[in-house]
Each structure stands twice: as structure tokens, then as C-alpha cells.
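Please open the structure in your viewer and keep the selection panel at hand. The tour below goes from stop to stop, telling you what to select and what you will find there.

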2 protein chains.
Amino acid sequence: MSDSITAPAEDYLKAIYDIERGGEAAATNDIAARLGIAAASVSGMIRRLADQGLISHERYKGTRLTAAGRKAALRTIRRHRVIEAYLARALGYPWDRVHEEAERLEHAASDELVDRMARAIGEPNIDPHGAPIPTREGDVDETPLRTLLDLRPGQRCRVVSVADEDADLLRYVAKLGLRPGAEAEIVERAPFDGPISIKVAPNDLPVQIGARLAGLMHVAPIAD
Amino acid sequence: MSDSITAPAEDYLKAIYDIERGGEAAATNDIAARLGIAAASVSGMIRRLADQGLISHERYKGTRLTAAGRKAALRTIRRHRVIEAYLARALGYPWDRVHEEAERLEHAASDELVDRMARAIGEPNIDPHGAPIPTREGDVDETPLRTLLDLRPGQRCRVVSVADEDADLLRYVAKLGLRPGAEAEIVERAPFDGPISIKVAPNDLPVQIGARLAGLMHVAPIAD
DNA sequence: AGAATAATTTAGGCTCTCCTAAATCCCTTC
DNA sequence: GAAGGGATTTAGGAGAGCCTAAATTATTCT
């Protein structure tokens, strides 16, 4: 079955898609780090995926998805995000635990199931973390997003999405009132990758955010 | 991870559980037939499952679940049947297609997800085919069931469950009006494994059923 | 009982996905 | 422009789960 995509292969494609969004071809080491496996194992899988025409790979240079690989990646990402949204909206899952469950279900759910789930909750365009859900046809908004690190003091912004799935981190973000949709205003930013001070609507509560976390908070500036 | 149960292993345990319900230890050949794999492959898996303490096996004699194996089998069966029920009731799946989808999801769904699904549809005790759903604690009704083949002409009965998952067969059963809960009366039975004539309520429509199908229809006699 | 037949197991192989250790390649720095 | 260091690939191996073909064991029939 050289044409069927296994569950591990789907995970590789997702990882490569994510890394490649940064512009560069995905480095073997980066793929390995993201999947939590040894780099040598990635080299092996890269050969198989290339044989299947899902990626193109230049030795020692990096990996890119082909059109077919991109399609497969987006199909898996759609499954993942629809499942996350369904778990949250239809089954009452807290937003910090939908990822783990979806990570397994995405490989087992049929397209029909995913479509039925999407329909049942009103065809959402974003998942519980604010990430856009690709359409059945594989279209997805890939506009580059700014993070809290890209704004200047005085700017107001709305939280679009949180680029991390760690449960503790997500709970912390929620505790700060910074779930997707929340509004905030930059107060100041300490130098040398120091923390960022913001005021969070609706009460303008002051909050300090470390640089790492701030870099994970995707935001859209609000023009006054 | 000698203590973790893989997806194929769960399928073996389910198969052994089903076969063992007939009273006898599960024969290697029967397991192979049910799973659609070669008997030699079953011998290999039997060793692994025995090493894990999930089954007991006497060479050339057959296989039985241990207490741990039975518990694992019932846990998988609960997942499967809850998922089937959920797909049918919450997502509008037709009863002839829930099995296939559940067959994959049962290995990916967490206990929490299964419990949330069960709660969402009112903690059902039976799946769409009428089979009993084990409780979280692993209790399940194992009363031996009669089939249409066990009744005599003149007896009335209620369909309890259909012991097959083939989509075409299930659609045919539904077309005859014999879904679980339906009532019928035996008219006569032709000899030599011939067809059975029944009248199906509420209109007492006459129906002929082959012996094989009749043997799959679990029924409970109705005392007049 | 002995021979044929059926059921089961063993032997040997294959694929997939992972691993560690040992090359190999690329690039930067001196 | 050579050397170091980091990234990548190759080599060799492991376990799970499947296969076919060949043994082995159990059972049934004469």
C-alpha cells in the first residue's frame, strides 16, 4: 500500500507543514524535535514520504511538502481542529484538554465523521485555540500573524490564537483572561527579552507576560 | 511497555470474548477466521497476550481470557458500543454504518471521551443493534439469548438484537421491519434448515427468513 | 490400531517505525 | 584554507504484526 498514509506519516506531514510555515524548508532536526523522536528516525521516514510523492527532499538541505503532501497535511489538520472544536462545544471538554484527545482521534476518524461533527456545531472556522480550520477543499487562512512581541506600547489588540497546546500553559492563559477574542493594550516591554506588561479588557487588569509566552500569543492590532 | 494493550491486541481480546461466550475455549482457527488473518499469525499474538497475563492458553487446546483479559475486552466492547450509540443518536449515523466507524474509534477514544458520550445520550444500556453496553465497572448482561431458530410456530417474540454488523444485512433487516424492539410471530419453519415464515407487527406482514439470518436474530419470547 | 485429515504451531520472511552509534557533509571561524 | 562543530545520513538492530510453507499434534474414520 504505497499510497496509503499511516498515522505516523500524518504526524510527520503536519509537523513539516507547521515548520514550513516559517518560510524555510523543514530541517530534519526540527522535525525530530517537534515529534520527540531521534533525527535518524526522521531520515528514514523522509525517504518513505518522498517515495510516496508527499514531500520533496534534498539531502542535507531540508524537506518541503509537495502539493499532495500539503493536501494530506491540511486534511489531517482539518480533522484535528474540527475534532477539537467538537469536543469543546458538543461534549464540554475544557479547552486545555482537547488537543490530546484530538491527537489520537484525528487518525481514526473518517471524513464523514469529521464533516458530521463540523455540521453539528455550525461549521466553525476556528478551533478552541483560535487556529483556523481548513475547509473540506483544503483552503485555509495562512496570513502571517503578529504576536504580542510585535506590538509597541500603547497599541491595543485582540487575541487571535494561542500557538501552543500545553495544558498548563493554556490554563494559565485562560486565568489571565487572554483566551482568543480577548482585548488588551500593551503597556511596556522590558528590554533584553524581558516581560511585557499589558492591560487586559474589560477591566484593564495589569498583567506581566514573559517573552516566551508573549511570542506564542497571536494577536491582531485594533485600529482606534 | 509489556503492560500496554495495542489496538490489534484489543481486537484479539474482543474476538476471544465473543467466541468464548459459546462456552468452549476459543480455538486458534476461530480467532483467525473472525479477525480475517492467518492462523499462524494468531499463534504469535497468543504468546504475547499470554505473556501479558491477558489470556491462558494450552497448546493445541484453546484460549481463554483471564480476569484481566476479560476486563480489557469488556472495556473495549463498552467503548465500541457507546461510540456506536453516540454516532447514531448524536450525529445521525444510520445503524448500518456505525460499526465500521466505531471499530477504529474504539482504539483511539479515552475513557473520559466514552463517558462523556454516554452521558450526552442518556447513558444507554444497548447499542443500535440491541447489544448490551457494559458498565464502566465492566458488568454486562450475559444471559444467553434465543434466536428465531429456537422458537416454535405460534410463538410471539420481540427482537432483542442482531448479531451481525454487515451493512447490507442490517439494511435488509431494517427493511423487513425487524430492528430491535420489533415484534413478530413465528408461522412455520421449513425442514432441513429451510426458511422461517414469520408475521411482523404491527401489520402482521408475512416475511420469509433464511436459516442463517434467523440464527442471527436474537429474540425474547413474549408470553401471552 | 493405524492412517488419513484437520487443527495448530514453528520456521523463516517482510514491512513499519523506532533506536544508538558511526560515518559523512556543510559551514563557519580562525 | 584547514579545522571544528553541528546537522544529517547510513549502518545495524529491535519489536510488533502480519505472511507462507513446513512441521507437529490431535482427532476421526476404517
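**Stop 1: a sheet in chain B**

Begin by selecting B:Cys157, whose bridge partner in strand 5 of chain B is B:Ala184. Helices (H or I, at least four residues) and strands (E, at least two) are DSSP runs, numbered from the N terminus. What you see is a predicted model, in which local features need pLDDT of at least 70 and side-chain atom pairs count only at pLDDT 80 or more, while totals for chains, interfaces and linings use all residues. Residues are numbered from 1 along each chain as its sequence is written, and chains are lettered from A and ligands numbered from 1 in the order in which they are written.

Now select strand 4 (residues 156-162) of chain B together with strand 5 of chain B, which pair in the antiparallel sense over three bridges; two strands pair if DSSP finds at least two bridges between them. Widen the view to six strands of chain B, which form an open sheet with antiparallel pairing in the order 3-8-4-5-6-7. At its edges are strand 3 (146-147) and strand 7 of chain B, each of which pairs on one side only.

**Stop 2**

As background, most residues other than glycine have a negative phi, and most peptide bonds are trans. Select B:Ala201 and B:Pro202, which are joined by a cis peptide bond with omega about 5°; B:Pro202 lies in the loop between strand 6 (196-200) and strand 7 (205-209) of chain B. In chain A, a cis peptide bond with omega about 5° joins A:Ala201 and A:Pro202.

Next select B:Asp193, in the loop between strand 5 (183-189) and strand 6 of chain B, where phi is near 55°, a positive value in a residue other than glycine.

Then move to A:Glu123, which lies in the loop between helix 6 and strand 3 (146-147) of chain A and has a positive phi near 45°.

**Stop 3: a buried threonine and the core**

Select B:Thr76 in helix 4 (residues 67-91) of chain B, which counts as buried because it has 21 C-beta neighbours inside 10 Å. Not counting residues up to four places away in sequence, B:Thr76 touches B:Glu10, B:Leu13, B:Lys14 and B:Glu106; two residues are in contact if their C-beta atoms, placed from the backbone, lie within 7 Å.

From there, go to A:Ile83 and B:Ile83, the residues with the most contacts inside the largest nonpolar core, which has 72 residues. A nonpolar core is a set of buried Ala, Val, Leu, Ile, Met, Phe, Trp, Tyr and Cys residues joined through C-beta atoms within 7 Å. Not counting residues up to four places away in sequence, A:Ile83 touches several residues, including A:Leu105, A:Val114 and A:Met117.

**Stop 4: where the chains meet**

Colour chain A and chain B separately, and look for the 13 residues of chain A that are in contact with 13 residues of chain B. On the side of chain A that touches chain B, helix 5 (98-105) and helix 6 (111-120) of chain A each supply at least two residues, and helix 6 gives the most, with four residues.

How are the two chains related? A rotation of 180° with 0.0 Å of shift along its axis superposes chain A on chain B, with an RMSD of 0.1 Å, by least squares on the C-alpha atoms of residues with pLDDT of at least 70 in both. That is the relation of a two-fold axis.

**Stop 5: the DNA strands**

Finish by selecting DNA strand D, which 21 residues surround, the closest being A:Asn29, A:Ala40, B:Thr6, B:Ala40 and B:Ser41; a residue is near a strand if its C-beta atom, placed from the backbone, lies within 6 Å of it. Helix 3 of chain B gives the most to the surface near DNA strand D, with five residues. Around DNA strand C there are also 21 residues, of which A:Thr6, A:Ala40, B:Ala27, B:Asn29 and B:Ala40 come nearest. Here helix 3 of chain A gives the most to the surface, with five residues.

How values were computed: Buried ≥ 20, exposed ≤ 12 C-beta atoms within 10 Å, placed from the backbone.
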